[in-house]
Amino acid sequence: MSALLIGDEAPDFEVDTTEGPLRFHDAIEGSWAVLFSHPKDFTPVCTTELGMTAKLKDKFEARGVKVFGVSVDPIEDHRAWVGDIEETQGVALNFPLIADPARTVATAYGMIHPNANDTLTVRSLFVIGPDKKIKLKIEYPASTGRNFDEVIRVIDSLQLTANHKVATPANWVSGEDVIIVPAVSDEEAKEKFPEGWKTLKPYLRVVPQPK
Ligand code: BEZ
């Protein structure tokens, strides 16, 4: 199977989770979603990542994003591990952790990279739009914990593009100026940005971040 790419439909699946069984497309209906894998329960980096994601719940919710973790561990392991996350990270797990012992999700999303490890997932993360299309994918090795502030930053950028037809420059953070996408003509831009914009080049038009 070829790798899932940005713009592809996010595969559907039925699974058990720490919050009960779900069908993915039903669970994310109409929402933005993050689906991210961790290699293994009861491991140190994974414990910190799940705690960090739980701490960011308000930020994900403010952006209308539903979050799902997944690994190939069985549901009994997930249930036993969540106490360790709360004890060591100071926050209770507050999003569904998918049990994928049959590797249904891991296979559909290409989360197992056999030359890294042929049984465990790497740290894959997908942002999925309300149209169920993949908007972003990032992949990290098992040894590197992800920067979840970066995940929030990218979601802000993706949502600005979806809602306002603007793109975000290198190292942009929310609140800084953005770029009018090349597909928007100057005529259309006049309607969308009546306060005006700065033209550095015809293809590089800078505007304050829309509200
Ligand atoms: C960890 O979460 O620390 C980890 C998991 C699998 C392999 C290596 C590290």
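These are my notebook entries on a predicted model of one chain.

**Ground rules**

I number residues from 1 along each chain as its sequence is written, and I use heavy atoms for side-chain values, leaving out hydrogens and water. As the model is predicted, local features need pLDDT of at least 70 and side-chain atom pairs count only at pLDDT 80 or more, while totals for chains, interfaces and linings use all residues.

**Entry 1: the whole chain**

I began with the secondary structure. The chain has seven helices and eleven strands. Helices (H or I, at least four residues) and strands (E, at least two) are DSSP runs, numbered from the N terminus. I then looked up the extent: the C-alpha trace spans about 60 × 40 × 30 Å along its principal axes.

Next came burial. Of the 211 residues, 45% count as buried. Buried means under 20% relative accessible area, exposed over 50%, and partly exposed in between (1.4 Å probe, protein chains only). The chain exposes about 10700 Å², and carbon and sulfur atoms supply 52% of that area. The areas come from the Shrake-Rupley method with a 1.4 Å probe; for residues, only the protein chains shown count as cover.

I also looked up contacts, meaning heavy atoms within 4.5 Å. Among contacts with a separation of 6 or more, residues 24 or more positions apart account for 66%.

**Entry 2: aromatic pairs**

I found seven aromatic pairs in the structure. Rings of Phe, Tyr and Trp (its six-membered ring) pair if their centres lie within 6.5 Å; planes under 30 degrees apart count as stacked, over 60 as edge-to-face and the rest as tilted.

I looked up Phe13 and Tyr109. Their ring centres are 6.1 Å apart and their planes stand at 80°, so the pair is edge-to-face. Phe13 lies in the segment before strand S1 (14-17) and Tyr109 in the loop between helix H5 (104-108) and strand S6 (123-128), so the pair ties together parts 96 residues apart in sequence. Both Phe13 and Tyr109 are buried.

Tyr109 also pairs with Phe126. Here the centres are 5.1 Å apart and the planes at 70°, so this pair is edge-to-face. Tyr109 has 2% relative accessibility and counts as buried. Phe126 has 1% and counts as buried. I noted one aromatic cluster formed by Phe13, Phe24, Phe68, Tyr109 and Phe126.

**Entry 3: Ser157**

I found Ser157 in helix H6 (residues 148-164). At 14% relative accessibility, Ser157 counts as buried. A polar contact of 2.7 Å joins its side chain to that of Thr168. Such a contact is a pair of N or O atoms within 3.5 Å; within protein, one must be able to donate a hydrogen and the other to accept it, and residues adjacent in sequence count only if both atoms are side-chain atoms. Leaving aside neighbours within four places in sequence, Ser157 is in contact with Thr168 and Trp172.

**Entry 4: Arg63**

Arg63 sits in the loop between helix H3 (57-62) and strand S4 (65-71). At 22% relative accessibility, Arg63 counts as partly exposed. The backbone oxygen of Lys59 lies 2.9 Å from a polar atom of the Arg63 side chain. Leaving aside neighbours within four places in sequence, I found Arg63 in contact with Trp32, Ile152, Ile155, Asp156 and Gln159.
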